[in-house]
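Please read this note with the chain open on your screen.

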Amino acid sequence: MRHWLTPALWLLALVVGCLGLPVLEPWLQPLVDGRQAVIYPRDSFVTLLLNHLQLVAISAAAATLVALGGGIAVTRPWGRDFLPMASQLASIGQTVPPVAVLALAVPVMGFGDGPTFVALALYGLLPILRNTLAGLQGIDPAVREAAIGMGMSSPQVLLRVELPLAGRVILAGIRTSVTINIATAAIGSTIGAQTLGDPVIAGLVNGNTAYVLQGAVLIGLLAVTVDSLFEALEQQWLKRTPGLSG
C-alpha cells in the first residue's frame, strides 16, 4: 500500500488548493493592481477541476480504445501490411499542434467541449499507439509459439499472454498521453470549454498575474496527482506479475 501514499498526498494537496486559494488572497494581492479581483470569480475551482477531468478522462478513454485496437490489428498476421504506416503515424502525428486541431474543428463543431474533446483524443492517441506497438512487438516470438503449443487459440494468446506481457508498456503510453493532455486541455478555454485554463486565459487577457498563477498551480497539481497515480498502478501491475519486473 505504500505506493498509494504519494498519489493520496498529491490529491489532498489538489483538493486543498481548490478549496483554499481564497485564503491566499492577501499574499496574491501584490500581483494585481487595486482595481482587479485577486481570486478568479467566474466559476468555482472545483467546477473547473471536474470539467477539466471529465474532458481528459473521456478523451483518454476514446484514444485508448482506438489506439489499443489499432495496435492489436496491425500486429496480427492479417494486418501486418499496415504496420509501417501505423508506426509512421505514431512517430509524426504529435508534430501537429493541438491548437491547429482546434482551429480546424471549431468551424465544424462550434465552440465548447466538442472541438476540445476531438483535439485531446487525437493528440492523446499517438503515445498510446506507439507504446502498444512497442509492447506487442517486443514479446519474444517463442513465448507466442509456446502458448500456441499449449493449445491456446489466437484470442487466448492475445488476452492471456500478449496483453499481460505488454501491459506495463501500454500503461506507460496511457500515462504519457493523459499527463500531456491535462496541460493541453487548458487550451480548450480559448474556445469556450470550461477547464482550469479559464483563469490562465482570463489572467493573460486582463493582465492579472494572480489569475494565471492560480490556474497554473492547479493544473500542475492535477498533472502530478494523475502521474503519481499511474506510477502506483504500474507498481501494482509489477506486484501482480513479478516475472515482468526485469
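1. Ground rules. This is a predicted model, in which local features need pLDDT of at least 70 and side-chain atom pairs count only at pLDDT 80 or more, while totals for chains, interfaces and linings use all residues. Residues are numbered from 1 along each chain as its sequence is written, and side-chain values use heavy atoms, with hydrogens and water left out.

2. Overall fold. The chain has 10 helices and 0 strands. Here helices (H or I, at least four residues) and strands (E, at least two) are DSSP runs, numbered from the N terminus. Along the sequence the pattern reads α-α-α-α-α-α-α-α-α-α. The C-alpha atoms fill a box of roughly 75 × 45 × 20 Å, taken along the principal axes.

3. Helix 3 with helix 6. Two packed helices are described by the angle between their axes and the distance between the axes. The axes of helix 3 (residues 45-74) and helix 6 come within 7 Å and cross at roughly 40°. Axes are lines fitted to C-alpha atoms, for helices over the stretch in contact, and angles run from 0 to 180 degrees between N-to-C directions. The crossing of helix 3 and helix 6 is right-handed. That word applies if the near helix is turned clockwise from the far one by less than a right angle, and left-handed applies if anticlockwise. The contact residues of this pair divide into 18 nonpolar, 7 polar and 1 charged. Ala, Val, Leu, Ile, Met, Phe, Trp, Tyr, Cys and Pro count as nonpolar, Asp, Glu, Lys and Arg as charged, and the others, Gly among them, as polar.

4. Helix 8 with helix 10. The two axes come within 9 Å and cross at roughly 175°. That makes helix 8 roughly antiparallel to helix 10. The cut-offs are under 35 degrees for roughly parallel, over 145 for roughly antiparallel, 65 to 115 for roughly perpendicular, and oblique for the rest. Helix 8 brings residues including Leu163, Leu171 and Val178 to the contact, and helix 10 brings residues including Leu222, Phe230 and Trp237. Contact means heavy atoms within 4.5 Å. By class, the contact residues of helix 8 with helix 10 are 16 nonpolar, 2 polar and 5 charged.

5. Helix 9 with helix 10. Helix 9 (residues 197-206) and helix 10 (residues 209-240) have axes that come within 7 Å and cross at roughly 155°. Helix 9 and helix 10 are therefore roughly antiparallel. Their crossing is left-handed. Among the residues that meet are Pro199 and Val200 in helix 9, and Tyr211 and Ile219 in helix 10. The contact divides into 8 nonpolar, 3 polar and no charged residues.

6. The largest pocket. How much space lies in the largest pocket? About 250 Å³. On a 1 Å grid over the protein atoms alone, a pocket is an open set of points with protein on both sides within 12 Å along at least five of seven lines; a cavity is a set where a 1.4 Å probe fits but cannot get out; lining residues have an atom within 4 Å of a point. Grid points are joined across faces, edges and corners, and a volume is the space filled by probe spheres set on the points. The pocket lining includes Trp78, Arg144 and Glu162. Helix 8 gives the most to this lining, with 5 residues. By class, the lining has 6 nonpolar, 2 polar and 4 charged residues.

7. The cavity. The count comes to 1 cavity of 30 Å³ or more. About 30 Å³ of space lies in the largest cavity. Its lining includes Pro98, Leu120 and Ile187. Helix 5 (98-109) and helix 6 (113-137) each supply at least two lining residues. Helix 6 gives the most, with 3 residues. The cavity lining has 6 nonpolar, 3 polar and no charged residues.
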